[in-house]
Amino acid sequence: MPDERLAADARRILRANDTGYWTVPSAAQYPHQWNWDSAFVAIGLATFDWDRAAAEVDAVLRGRWREGMLPHVRYDPRHLADYFPGPDRWPRAQAHVADSAVRTSGITNPPMVVTAAFLVGRRQPKRERRLAFWRRTYPGLLGFVEYLARRRRLRGSPLVAVVHPWESGWDNSPRWDHLRAARLRPRRPYTRQDARGVPASDRPSDADYDGYLALVELLDDADYHVGRYRAVAPFCVHDVLMDALWYRAARDLCAIAEALGEPPPVSKRRLDRFAAAFEERHWDPDLGLYVDWDCAAGRRIARPTAAGLAALAGGLIGPDRAAATWERYTALCAGAHAVCTVPPGDPAFDARRYWRGPVWAPVNWLVADGLAAAGLAMEAAGLRAGTLDLVREAGFGEYFDPLTGAPCGAGEFSWTAAVTLDLLAAGA
Ligand code: 2M8
């Protein structure tokens, strides 16, 4: 398929998924606004409709909590019956939302929206318009970066405490299998709705959902106070990708501040301290990969997944380590489409089950971005071209089977379309 046709299809999908207020990930499967989906969407929209891209960032900021958190879901009141869980599962969360007319979830997502705001701004050729966009979004972006640094901080570490698998965005990744093993059950009964349009075998298991809903209750009981939640909950992690994207967000925020003539919001000392803690907690010398840290058990989660590679996008992993982890991980995934979120030889690998193996376009975008920043230009170009080939062949699936390249999950998916547009615009 020629590039112009592919770009036209991607633009059509983003238009079709535009509610007029924000872009839904997929009208059928996810009818609300998702924080980090909208960040990728804004990057894609900026390639053809800058105003609409800027509005997407504004819409994420409108879900802001008084303490600065940007929630992972902002609900569309017209579609409450079409997605589970709705705002009624996060009752205490609603009092935290700065705008009392807005309904949100009670957890967050990796701060990609800060990076998206920076990249979208940079695409605006008119200096005044660019600065006006950054000027109006800066307080919300700063509030979010500081929320993660201050309210999600555990004693003795500058890294971010992640309190729910949905916050990571990698819901049922084997990285979080210790939650399943804890066999939590929610008090309130519930009915899943997520397998109405896609095969149940592609989705997280019922045991996973029990854990997700039980954590939601524990968070709500604690009124979203991490210290109180931690005292009773078995799930609290330093997610390698959340931490890497926090560091990236902090640096991108500093660049925005500089353009605005504001003092640096995060000092070099803080950044260096964060990077040192990242290296100490996330580097697994035995695996030769970056992995996650279980704060409850006080140990590394030694599972090989692509999260450690996507973390290259943070810009806090040196070029030698970047090259070595890329080589190591691609060797584990030889013969499969890049980048498998779990290597095919891993006992937890499942070619279609969501975050347990499949290829995801935004993950590829992050890995390629990180490879390029680490000086691995050829590898980055190869991955970008391979991602476009996959979409050309399979269409705009939510994600892809890494063994066959077949699309999985929902179709006409926004972040796949957005990443495609950005890769095409970059001349991949
Ligand atoms: C998936 O997560 C939601 C819960 O937040 C779900 O399964 O219902 C994940 O793939 C997540 O990363 C993504 O942001 C969201 C919307 O695309 O769907």
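In this predicted model, serine 38 sits in helix α2, the stretch covering residues 35-45. Leaving aside residues up to four places away in sequence, serine 38 touches Thr23, Gln33, Glu56 and Val60.

Now for the ligand. It is surrounded by 16 residues, and the closest are Asp37, Tyr83, Gly169, Asp171 and Tyr354. Histidine 72 has a polar side-chain atom 3.0 Å from a ligand oxygen atom, and for tryptophan 355 the distance from a polar side-chain atom to an oxygen atom of the ligand is 3.1 Å. How much of the ligand does the protein bury? On its own the ligand would expose 420 Å², and the protein buries 99% of that.

Elsewhere, three strands make up an open sheet, lined up in the order β3-β6-β7 with antiparallel pairing. Strands β3 (237-238) and β7 (299-301) are the edges, as each pairs on one side only. Between β3 and strand β6 (residues 292-294), the antiparallel pairing runs over two bridges. Looking at individual residues, valine 237 stands opposite aspartate 294 of β6.

How values were computed
Residues numbered from 1 in each chain as written. Predicted model: local features only at pLDDT ≥ 70, side-chain atom pairs only at ≥ 80, totals over all residues. Heavy atoms only, no water. Helix = DSSP H or I, 4+ residues; strand = E, 2+ residues; numbered from the N terminus. Contact = heavy atoms within 4.5 Å. Pairing = 2+ DSSP bridges. Near = heavy atom within 4 Å. Polar contact = N/O pair within 3.5 Å; in protein donor to acceptor, adjacent residues only side chain to side chain. Areas by Shrake-Rupley, 256 points an atom, 1.4 Å probe, with all protein chains shown as cover.
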